[in-house]
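Please look through the structure below, and then follow the account of its open spaces, its helix packing and its aromatic rings.

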Amino acid sequence: MKQLTVFIENRMGRLEEVTDILSKNNINIICISLADTSEYGMLRMIVSQPAAACEVLCNSGFSALLTDVTAVKLPHHFGSLKKLSGLLSSNSIDISYMYALTSGDDAAIVIKTSDNEKAEALISEEYEILGASKVYNM
Amino acid sequence: MIWAKEETLSRQEIEAIQLDKLQKVVARVYEKVPYYREKMDAIGMKPEDVKTLDDLKKLPFTTKQDMRDTYPFGLFAVDKSELARIHASSGTTGKPTVVGYTKKDLDVWSECVARLAVMGGATKEDVCQICFGYGMFTGALGLHNGLEHIGACIIPASTGNSEKQIMYMKDFGTTLLVATPSYALRLGEVATQMGLNPQTDLALKTALVGSELMTEPMRAEMKKLYGDKLVVTQNYGMSELMGPGVSGECTELCGMHVNEDHFIAEVIDPVTGENLPAGEKGELVVTCLSKDAIPLIRYRTRDITRLMYEPCKCGRTTVRMENLSGRTDDMLKIKGVNVFPSQIEEVLLNTEEIGPHYEIIVDRKNHTDILTIRVELAPASMTDDYKALEKIKLKLRGSLRTMLGLDAIINLESPNTLQRFEGKAKRVTDNRKK
């Protein structure tokens, strides 16, 4: 699954510009993550049409790129995230970052690891991995 | 090709011409310009006291302030009826500096520009697009007349409307571009944004850049954009002295040849005013030998360079001035360290992860100077990794510390967010002066 990453400097109205371009192109934002860094930040999003979104943003002068990430459905009970992180750490896979994704009554996360392929293989034995086409249409 | 025989004379022959012209011009300003006569009388000097070229040192300097004090025509040595044209500097602070030309002055000007256009690779076959602002500024008409003089075809495109500029370039088959180095880079960017490949879709062979400082990395950036075959040379001049035409680089790229039969170049210590030995870096001082309308004597250019008298591989024997390393008035003093914006630019242009545009901001907080540099992330360096971006910043900070001995705050921004300039770039904001 592709995540859209956009570089934005910390300036009034920058986020609005990005979201304006996406909305004018009928691109839906499924989920989003942005940290409170000081001068610039990376806006990470799962969107309905990642390739088209990346293209329109680049054409508007933004720095944007697509990154491979994994969406995992997690049961809504104690310890499920603990179990997932234990599974990755015991196999020496680093978690670069993760953020939440709503998925009906269940919880889900978007995760980027040091080895997405290996992580997906491991995770899929215990959890449901949400496919790109499913997530893009949420 | 060498345009004029005056470019290959022996030192002795050059100096003989210079002395003869110097004696005449000093006698003329003494007679015609009260301002000069008063200055010379004040130090007890008469035109006859100029017996050798060395005696030039005894003459008083002329400065920009002198031009302001005598605004508009006080330094003119001809009657207004003799004038064929008037130009003026932009005059961002106070009154503009006004210069005039007789018909003969305009001919000398064309000749001077023709020489440096030819040494930069121009030929009569060239289609020359002039992207300097036409108007009171000397740059556009100076290059215009000089290139016309060698028989080339001129497109007086002026500045602005970059898309249209690219259209002319492509449709008219422009082979030679005249622009500031930053606008030449900007045009390449615009061409790329328009979906063109500047290397294959344009016929550009030569760029004659001027009116602002070009650093070596900027030249390299231009060649990267337009293709390695592009010959980029810069030329030097200022409206007070004539406009473009004082000196220019030949294709050997080892400094700018001064048109010595029309100008005498000296280098002085900007603080003491003493002449420096050949080869030492200091402020360039120029005397106009061939101008009738406003022949300035020992004009302080405020540009920092050094002079090289060794003959050049190109066959010219005229003295070369090293490509400028800044202006005495551009120099910033940050935490007591002398900093030229060109030094910062060199570091930025050598860092491939960021683009060529930048802005320098100097603030003072709690009595401490703070240097902030805004730069753009190069599109190819875009990443999803904060650590990689921090690494770029650290690398840049390290290179700046090596070059300047100062720590700077780096502000990383998206491509195309910093201001682009079509004329002279204004990239320094010194908030300490506010």
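**Spaces, helices and rings**

By class, the lining of the second largest pocket is made up of 15 nonpolar, eleven polar and six charged residues, where Ala, Val, Leu, Ile, Met, Phe, Trp, Tyr, Cys and Pro count as nonpolar, Asp, Glu, Lys and Arg as charged, and the others, Gly among them, as polar. This is a predicted model, in which local features need pLDDT of at least 70 and side-chain atom pairs count only at pLDDT 80 or more, while totals for chains, interfaces and linings use all residues. Residues are numbered from 1 along each chain as its sequence is written, chains are lettered from A and ligands numbered from 1 in the order in which they are written, and side-chain values use heavy atoms, with hydrogens and water left out.

The second largest pocket holds about 830 Å³ of space. On a 1 Å grid over the protein atoms alone, a pocket is an open set of points with protein on both sides within 12 Å along at least five of seven lines, a cavity is a set where a 1.4 Å probe fits but cannot get out, and lining residues have an atom within 4 Å of a point; grid points are joined across faces, edges and corners, and a volume is the space filled by probe spheres set on the points. Among the 32 residues lining this pocket, B:E189, B:P356, B:A378, B:P379 and B:P415 are the closest to its centre. Elements of both chains supply at least two lining residues each, including α2 (50-59) of chain A and β17 (354-365) of chain B, and α7(B) gives the most, with five residues; helices (H or I, at least four residues) and strands (E, at least two) are DSSP runs, numbered from the N terminus.

The axis of α7(B) also comes within 9 Å of that of helix α6 (residues 162-171) of chain B, and the two cross at roughly 85°, the axes being lines fitted to C-alpha atoms over the stretch in contact, with angles from 0 to 180 degrees between N-to-C directions. That makes α6(B) roughly perpendicular to α7(B), a term for angles of 65 to 115 degrees. Contact, meaning heavy atoms within 4.5 Å, involves residues including B:I166 and B:M169 of α6(B) and B:L187 and B:V190 of α7(B).

Over all chains there are seven aromatic pairs, that is, rings of Phe, Tyr and Trp (its six-membered ring) with centres within 6.5 Å, stacked if the planes are under 30 degrees apart. A:F7 and A:Y40 form a stacked pair, 5.2 Å centre to centre with 20° between the planes.

Note on methods: Parallel < 35°, antiparallel > 145°, perpendicular 65-115°, else oblique. Phe/Tyr/Trp six-rings, centres within 6.5 Å; stacked < 30°, edge-to-face > 60°.
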